[in-house]
Amino acid sequence: MKQRRPLIAGNWKMNGSLVTNAVLLSELQSGIKNLSASAADCDVAVCVPAPYLAQVQVALQTSSIAWGAQDVSAQAGGAYTGEMSVSMLKDFSCAYAIVGHSERRVYHAESDALVAEKTLRLLEAGITPIVCVGETLQERKAGLTEATVARQLNAVLSVLDAAALAKIVVAYEPVWAIGTGITATPEMAQQVHAFLRSQLALMNAELAEQVQILYGGSMKPDNAVALLAMKDIDGGLIGGAALKSIDFLGIIAAAI
Ligand code: PEP
């Protein structure tokens with residue numbers, strides 16, 4: 001067994017409906033029961049669009065699948081139209097929230113500092129942040145992969161105290177691999193994961209060993225086994241393949 005529990009987290013993005021969600025959630029629950037007993041050794045979560053948090057809470061409350069949001073406001077509350085606060089996520093018993101997804105960084109101009117603030121709010125509320133980092137193709141070609149992910153991660157680490165390190169999840173998501181069908185090779189991904197862990201270790205070497213670092217970017221059942229076999233790849237943040245129970249369950253099976 002690996003040193004850290006694997007986490008397979010689905011990012012539904014802006015997909016789903018009450019009807020299709022109900023089918024997917026029911027298939028996931030029965031599918032997980034049919035996986036081997038070691039399914040209990042894997043953390044599983046779905047991060048859903050905010051309007052469906054109530055549905056997911058009701059559907060999953062007696063299951064082993066956790067749920068969460070795809071973003072949160074850095075503000076506690078007030079005149080911030082369209083935003084949702086950590087206390088609202090708490091109302092729906094969210095265990096996780098994604099922050100700093102590249103689609104938020106690109107389409108909503110989220111800065112490293114804002115992502116750090118959001119991470120802090122989540123930790124204060126006892127919700128596990130899934131902090132996304134990753135380089136664009138241009139940055140990779142320019143040899144800037146490590147510099148980019150270090151900048152993104154260190155912005156978050158700079159607002160945390162060392163003890164909080166064990167309470168975050170990091171997701172390495174090369175932007176060029178998200179939704180493109182192109183996956184980083186296991187070796188490429190492992191290299192960045194090991195680098196990210198070395199950055200975490202600068203803060204606290206012992207706690208850095210406990211942090212789950214997920215890979216995200218076109219992970220599918222057929223490439224998951226090789227990716228998840230890598231020493232520092234502790235799970236996946238899954239976009240497209242989280243929308244089909246057969247694919248999501250296949251990735252969970254690869255993790256156990
Ligand atoms: C994501 O958006 O977090 C992601 C990894 O997407 P996909 O699996 O579709 O590449």
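Q: Taking two residues as in contact if their C-beta atoms, placed from the backbone, lie within 7 Å, which residues is Asn-11 in contact with, leaving aside neighbours within four places in sequence?
A: This is a predicted model, in which local features need pLDDT of at least 70 and side-chain atom pairs count only at pLDDT 80 or more, while totals for chains, interfaces and linings use all residues. Residues are numbered from 1 along each chain as its sequence is written. With those neighbours set aside, Asn-11 is in contact with Cys-47, Gln-70, Ile-98, Leu-237, Ile-238, Gly-239 and Ala-242.

Q: And where does Asn-11 sit, buried or exposed?
A: Asn-11 lies in strand E1, residues 7-11 (strands are DSSP runs of E, at least two residues, and helices of H or I, at least four, numbered from the N terminus). Asn-11 is buried, because 27 other C-beta atoms lie within 10 Å (20 or more count as buried, 12 or fewer as exposed, and those in between as partly exposed).

Q: What about Gly-239, where is that?
A: Gly-239 is in the loop between strand E8 (235-238) and helix H11 (245-255), and its 21 C-beta neighbours inside 10 Å make it buried too. Beyond residues up to four places away in sequence, Gly-239 touches Asn-11, Lys-13, Ile-178 and Gly-179.

Q: Which residues does UniProt list under "binding site"?
A: The unreviewed UniProt entry lists Asn-11, Trp-12, Lys-13, Gly-179, Ser-218, Gly-239 and Gly-240, although such annotations may be inferred rather than shown by experiment. They span 230 residues in sequence, but no two of their C-alpha atoms are more than 13.8 Å apart, so they gather at one spot.

Q: Switching topic, how many strands are in the barrel?
A: The closed barrel has 8 strands, running from E1 through to E8 in order with parallel pairing (a pair needs at least two DSSP bridges).
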